[in-house]
Each structure stands twice: as C-alpha cells, then as structure tokens.
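Please read it alongside the sequence and structure shown here.

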Amino acid sequence: MVIRVYDSGYRGECRKEEYEQIDCASWLQFNHPDRWPLVFHVANETKANAHYMQKRQKMGVSPGVADIIDFGLVRGAFEMKRLDKSQCSVSKDQRAFLTATNETGGFAAICYGFEQFKLAYADYLVFVAKNS
C-alpha cells in the first residue's frame with residue numbers, strides 16, 4: 001500500500017486550501033450524514049506565541065495530522081491541498097502521518113482540490129467495504 005495521490009493535473013489560478021476543505025466538509029455532511037459524526041478536522045495550522053505552541057504540544061497536538069479524518073471502522077486520512085499542486089507542498093510531518101495511517105491498515109490520500117477529494121472518498125468507501 002502507498003499514499004494515494006489525487007491530482008487532476010490542473011495548473012493555474014486556484015483557491016486557498018481552506019476553501020477546498022470547507023467544500024469537502026459541507027459535501028460530506030450533506031452526502032454522507034451516516035459517516036459525518038465520525039469525520040473531523042484537527043486545526044494544526046495555528047500560529048501563536050511559543051508558550052501557547054508548547055502548551056498545545058504538551059496537550060498532544062501533533063504536527064502533520066491530516067486535514068480530514070474519517071474515524072469509522074477503517075480510518076481514512078485525507079490531506080487537502082490547493083487544486084494547483086505547484087502552489088502548495090506536503091510537509092515531511094504530513095507524509096509521516098499519512099504513511100503511519102497506511103502502515104496500520106488505514107486509507108491515506110493527498111487530495112489536490114475538492115473534486116479530487118470526492119474521487120478519493122469514493123475510493124475510500126470501496127476500501128472500507130473490502131477491509132471491514
């Protein structure tokens with residue numbers, strides 16, 4: 001198994017990652033209400049003073065946690081990125097989290113944009129059906 005990458009190949013002007021993620025969350029809530037209670041986002045993008053960041057680390061906040069996590073019977077971790085791959089990057093911590101998800105039997109994906117997330121989530125549901 002590997003980290004799956006969903007990239008349409010689009011290069012050009014595109015929205016920020018946060019707007020792609022908002023669309024994903026809305027789509028999940030509307031189209032998969034049965035799964036929605038176990039889907040969540042960990043807000044890791046916080047920028048604050050060193051004291052607060054140390055406190056978050058002591059509380060268990062880990063760098064690299066995927067943007068959207070489905071904590072159903074089979075875990076799904078989806079790292080959201082901008083539609084244009086050249087305008088963003090996947091960090092070492094993000095790759096490590098996705099690799100760990102994959103190596104422990106979960107579904108790990110990098111999604112470049114909302115439409116690619118929908119394709120990844122469809123593949124995830126097939127993965128769940130085969131592995132649960």
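## Surface patch

Leu 38, Phe 40 and Phe 71 together make up a nonpolar patch on the surface, with about 290 Å² of accessible area; the model is a predicted one. Of these residues, Phe 40 belongs to strand β2 (residues 39–40) and is partly exposed, its relative accessible area being 36%.

## Nonpolar cores

The largest nonpolar core has 19 residues, of which Ile 68, Phe 78, Phe 117 and Tyr 121 touch the most other members. Two or more residues of this core come from each of α1 (17–31), β4 (76–81), β5 (107–112) and α4 (114–131), and the largest share, seven residues, is supplied by α4.

Beyond its neighbours within four places in sequence, Tyr 121 is in contact with Trp 27, Leu 28, His 32, Arg 35, Val 39, Asp 70 and Phe 78.

## Salt bridges

Eight salt bridges are found in the whole structure. One of them pairs Asp 84 with Arg 11, with 3.7 Å between the closest N and O atoms, and it links distant parts of the chain, since Asp 84 lies in the loop between β4 and α3 (92–103) and Arg 11 in the loop between β1 (4–6) and α1, 73 residues apart. Asp 84 counts as buried at 3% relative accessibility, whereas Arg 11, at 41%, counts as partly exposed.

A salt bridge also joins Lys 81 and Glu 79 (3.6 Å, N to O), both of which are buried.

Note on methods
Residues are numbered from 1 along each chain as its sequence is written. This is a predicted model: local features need pLDDT of at least 70, side-chain atom pairs count only at pLDDT 80 or more; totals for chains, interfaces and linings use all residues. Side-chain values use heavy atoms; hydrogens and water are left out. Patches are made of residues with over 30% relative accessible area and no salt bridge: like charges are joined within 9 Å, nonpolar side chains (Val, Leu, Ile, Met, Phe, Trp, Tyr) within 5 Å. Accessible areas come from the Shrake-Rupley method with a 1.4 Å probe; for residues, only the protein chains shown count as cover. A salt bridge is a side-chain nitrogen of Lys or Arg within 4 Å of a carboxyl oxygen of Asp or Glu. Helices (H or I, at least four residues) and strands (E, at least two) are DSSP runs, numbered from the N terminus. Buried means under 20% relative accessible area, exposed over 50%, partly exposed in between (1.4 Å probe, protein chains only). A nonpolar core is a set of buried Ala, Val, Leu, Ile, Met, Phe, Trp, Tyr and Cys residues joined through side-chain atoms within 4.5 Å. Contact means heavy atoms within 4.5 Å.
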